[in-house]
Amino acid sequence: MGKVGSKSLSSLQHCTLWKADRSPSCRAVLMALDAMDISVTEVDVDMDKAEHKSKEIIDMNPFQTLPVFKDRNLILIDSHSINMYLASRYFNCDKMLPKDPGGRAIIDQFMMYNCGTLQPKYRAAADPILYENCRFVLPDQICEIETAYSDLDEILAARPWITGSLLSIADISIASTISTLNILVPVDKNRFPNLVRWMYKMSEEYFYGTANEKGLEEFSKRIGELLHVE
């Protein structure tokens with residue numbers, strides 16, 4: 001595992017993030033950090049070498065998943081919890097995470113939608129390819145993913161961003177998952193025009209380029225290699 005640094009307005013030297021760029025959950029945290037101009041110590045974990053099963057990781061996270069975030073004695077192991085913690089603790093702006101209960105609840109429900117609906121669909125489609133020698137996305141998985149695309153397309157028909165008029169950490173979390181799903185099951189611009197419009201808006205945000213594109217390319221390359229194995 002190797003450490004890398006990043007330039008930012010606010011450097012939190014007491015915070016460390018263990019991550020793998022190929023993971024959409026890790027990219028959600030990386031995008032949030034860049035969006036909030038926060039820098040932490042980053043440790044790259046090579047999952048192909050099973051570094052996520054090292055004693056260092058297991059001692060912090062028995063589930064052996066990434067990302068892992070540590071702020072002094074506090075350890076968080078879920079990207080949604082990490083982003084909400086960062087926004088509430090270190091980012092003094094209501095834009096990413098409103099302080100009023102109603103606005104916060106709207107953010108919460110879409111973070112939970114990503115965690116409870118989109119991410120399981122991603123894992124169900126990707127894991128057989130990544131770990132079980134499957135060479136295609138199963139038809140049932142394609143149907144379920146496109147149902148999620150349809151739901152998001154309807155939500156975005158009446159608003160520019162997932163939760164309303166402002167970009168929030170919910171957009172960031174969902175963008176990391178949707179951009180990855182798009183590699184497995186491309187989003188049809190004719191069937192889901194509102195979702196495509198939102199995806200384009202997200203891709204124009206500077207943090208998308210700095211924190212999502214590299215890992216997305218790594219994931220796409222890895223999936224391409226596995227799907228073309230004879």
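Predicted model: local features only at pLDDT ≥ 70, side-chain atom pairs only at ≥ 80, totals over all residues.
The domain assignment divides the chain into domain 1 (10-90) and domain 2 (101-228). The annotated spans can be described by their secondary structure. Residues 13-94 are 37% helix and 26% strand, with end C-alpha atoms 24 Å apart.

The centres of domain 1 and domain 2, taken over C-alpha atoms, are separated by 20 Å. Contact between the domains involves 18 residues of domain 1 and 26 residues of domain 2. About 2,000 Å² is buried between domain 1 and domain 2, of which 62% is on carbon and sulfur atoms. Of the area that domain 1 buries against domain 2, 35% comes from Arg22, Met31 and His80, more than from any other three residues.

One salt bridge is found across the interface of domain 1 and domain 2. Aspartate 21 and lysine 214 form a salt bridge through their side chains, with an N to O distance of 2.9 Å. Eight residue pairs are in polar contact between domain 1 and domain 2. On the side of domain 1 that touches domain 2, helix H1 (24-35) and helix H3 (79-90) each supply at least two residues. H1 gives the most to this side, with nine residues. By class, the side of domain 1 that touches domain 2 comprises eight nonpolar, four polar and six charged residues.

Conventions
Residues numbered from 1 in each chain as written. Heavy atoms only, no water. Helix = DSSP H or I, 4+ residues; strand = E, 2+ residues; numbered from the N terminus. Domains from an automatic or database assignment. Contact = heavy atoms within 4.5 Å. Buried area = accessible area lost by both parts, 1.4 Å probe. Salt bridge = Lys/Arg side-chain N within 4 Å of Asp/Glu carboxyl O. Polar contact = N/O pair within 3.5 Å; in protein donor to acceptor, adjacent residues only side chain to side chain. Nonpolar A, V, L, I, M, F, W, Y, C, P; charged D, E, K, R; others polar.
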